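Visitor: I would like a close look at a single part of this model, the place where the two chains meet. Could you walk me through it, and then show me what surrounds it?

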Amino acid sequence: MAVISYREAIRAALAEELTRDENVVLMGEEVANFHGAYKVSEGLLEKFGPDRIVDTPISEAGFIGMGVGASMLGVRPVMELMFWSFYSVAFDQILNNAANVRYMSGGLINCPIVIRGPANGGTNVGATHSHTPENVLANHPGVKVIVPATAADAKGLLKSAIRDNDPCFFLENTILYGEKGEVSDDPELLIPLGVADVKRQGTDLTIVTYGRCVLHSLVAADILEKEHDVSVEVIDLRTIRPLDIDTVLASVKKTHRVLIVEEQKPFASVGSQLAYMIQREAFDELDGPIHRLATIDAPAIYSPPVEVEQLPNPQRVLKAALAAVE
Amino acid sequence: MANIIEMPKLSDTMTVGTLVKWLKKEGDVVKSGDNLAEVETDKATMELECFFDGTLLKIFAEAGSQVALGAPLCAVGKAGETVEAPASTAPAPAAKEEPKKEASAKAEAAPAPAASGEKKEAELKKPSADTAPAPSAPARAEGERVKISPLAKKLADEKGIDLSSVTGSGPGGRIVRADIEAAAKNPKPAASAKSGAPAASFSGGTVGAKGPIQDERTVTVSTMRGVIGKRLLESKTTIPHFYLEIEVDAEPLMALREQLNKGLEKAGVKLSVNDFILKGSAEALRRVPDVNAAWEGTQIRYFGSAHVSFAVALPDGLITPVVRDAHDKSIFQVSSEAKSLGKLAKDKKLKPDQFTGGTFCVSNLGMMGIPKFFPIINPPNAAILGVGTTVTKPVVKNGQIVIGQTLTLTLSADHRVVDGAVGAQFLAALKAVLESPALLLV
């Protein structure tokens, strides 16, 4: 066990998988010589060479399409998007081709591609660089959508994604790259996709969340416990699809109150889907309406102080949690 | 030809059953062994099993209504089959929320009719404005929806709580889990104090707070409460009760219990004082078997086994699950059986054979701090033991006043079966085993 950053954990996962399987390659804008826009791939070019760590032109439609094609022929490409916000440029490649090919080929062709990179807002890079596309991606059957909140989860989940035979979309939170945590150096330590993690046990309220909001929720849960005598269970979904609804339901049956926290726009979000599934499966367990906290419903704002007001934060989680246990 | 399913006799003393809820609806395909409905008897809520394959064609009894034994409940047959109305399609009418006060007031005011037939006719002819039935749920305006969380609704159904008496503390007056739990704990709902304003504080000497202590209301007697009332009245008025009391030195018992519980902590076993009393009673019955008997009019039945029952308080009454053959069981078996029976009782899941057939009963109010009391015999038992709390007080030991722990046991006995001397022998035997409690382990 070593204490390393989220960025270093992702790099370790890449290095271990590149070492384990020679079919794994890393491609993307500036991933080789510049070490990635957020320095995730530092040192990988030197270690694995230019055949496996490949710089691509600034053309998401082109290089994601190349990755999708390569994956159909047995390569296991990891494609870095400089920002996940640029996924829309490669929409056809990602969702029409990658997501559908196994179904369209009657199961003959797999597409074991991983597309990864920074997502979410909070870094003052404006509306075109701050998307949270997990709901759009997860809307497509046949794909896996992964949003790690901690360094340990980032490593274990990315390794599982690289070994998975479905297209895996791995959404890293830009602000979390520097967050440190204890991470195992066991190269076979995988975290299964589709299994949520109870990050904190509690009895009065279940907060269902993922990504950076896990950290906000844990901070809020401590305050709720100390100052308001409210015991909060925090469920980190870790993967949006497949969605581990069983863990969520088990918690709801314990606490009977639910708050969903997500760094998404609220309309037709992951939280909307969760709220539907919880009420369908656990209606008789609910002692109050399902509450939700999401990003304010506007394009990401460039102004740093205003963007802070747009996103969830611990204080806002606290307020929403108190409303949910009313 | 469709099969008509009738209200079955689900317990010995049952005469009517309350149809709590239907688990199937008309048109559902049902199989033999499926549960059709939940029926509340005088003692427990039980499932009504289907013995036919087919389609549930017609439901005759509404959820919430009371249905006499043998009255038709529903018909199961081939899909599309027409159901002939059964001969007696008149289940006892629902007794949900009778406007009792109004009804009785009207009865007093109305002149006595000459004949019942006339009365009916006369009432029918009266202009409806005068005789309109009183509204059934005065707590809420007619047609007003009860705001209640799904969980609270489920709990209220389970605990049989009348929602018209519960005030919601949630947003907009929504009834939430805490309100139902409070109502279940305290039948006089403290809920009304919770609506909006914080509960009255006792600071500043606001003792003379105004307002009603609770919402005045009448509550229909549940089947269980009705049976308890009838049987206890019968017991206290027809059985010649007499009472014997004995004080037991509880120190050895408490010491042994503490020692055993410490040793059994890892195994997750915890013996209660009541477990010792149950086992001790069985042992005392072995030594003085004449107490283990029942008056049967022209004969007295002496039982060959000590089936010791114990009273469990429920929100709407009490029930006495039975530890069978307690004389032949170890105290650990008695304890674990009593625990699981107690839980089933609280969940209203006891089956008839788990609460009938007791030969002796123990009623313990020790945990409520009551030092001693005189319980009413639970027929057909000939005796019942009232167990008080363990009291720390000065006692005389070897001519010295020292601090000791005592326990008072009261035996209510049926003098037709048990004479004073026999009852005294029983209590002496019980005292002897409780004061040398290690005897209960061999």
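Guide: Let's start with one of the partners: among the contacts in chain A between residues at least 6 apart in sequence, 82% join residues at least 24 apart. Keep in mind that this is a predicted model. Chain A has 326 residues, of which 57% count as buried, and its secondary structure comprises 12 helices and 14 strands.

Now to the meeting place itself. Chain B brings 10 residues to the contact and chain A brings 11. The size of an interface is often given as the accessible area lost when the parts come together. Here, the area buried between chain B and chain A is about 830 Å², with carbon and sulfur atoms giving 51% of that figure. On the chain B side, three residues stand out: Pro150(B), Leu151(B) and Arg177(B) supply 53% of the area that chain B buries against chain A, more than any other three residues.

What about polar and charged partners? Between the two chains there are six residue pairs in polar contact, both members being at pLDDT 80 or more. The count of salt bridges between chain B and chain A is one. That salt bridge pairs Lys154(B) with Glu285(A), and their closest N and O atoms are 3.1 Å apart.

If you want to find these residues along chain B, look to its helices. Helix H4 (150–159) and helix H5 (177–185) of chain B each supply at least two residues of the side that touches chain A. H4(B) gives the largest share of that side, four residues. Sorted by class, the side of chain B that touches chain A holds six nonpolar, three charged and one polar residue.

There is also a record to set beside this. In an unreviewed entry, UniProt places the feature "domain: Peripheral subunit-binding (PSBD)" at residues 147–184 of chain B. In the model, that span is 47% helix and 0% strand, and its end C-alpha atoms lie 18 Å apart.

For a view of another part of chain B, turn to Thr18(B), which sits in strand E2 (residues 16–22). Thr18(B) has a relative accessible area of 11%, so it counts as buried. Beyond its neighbours within four places in sequence, Thr18(B) is in contact with Glu38(B), Val39(B), Glu40(B), Gly64(B), Ser65(B), Gln66(B) and Thr223(B).

How values were computed: Residues are numbered from 1 along each chain as its sequence is written. Chains are lettered from A and ligands numbered from 1 in the order in which they are written. This is a predicted model: local features need pLDDT of at least 70, side-chain atom pairs count only at pLDDT 80 or more; totals for chains, interfaces and linings use all residues. Side-chain values use heavy atoms; hydrogens and water are left out. Contact means heavy atoms within 4.5 Å. Buried area is the accessible area (1.4 Å probe) that two parts lose on being put together, summed over both. A salt bridge is a side-chain nitrogen of Lys or Arg within 4 Å of a carboxyl oxygen of Asp or Glu. A polar contact is a pair of N or O atoms within 3.5 Å; within protein, one must be able to donate a hydrogen and the other to accept it, and residues adjacent in sequence count only if both atoms are side-chain atoms. Ala, Val, Leu, Ile, Met, Phe, Trp, Tyr, Cys and Pro count as nonpolar, Asp, Glu, Lys and Arg as charged, and the others, Gly among them, as polar. UniProt positions are given in the numbering used here, feature names are shortened, and annotations may be inferred rather than shown by experiment. Buried means under 20% relative accessible area, exposed over 50%, partly exposed in between (1.4 Å probe, protein chains only).
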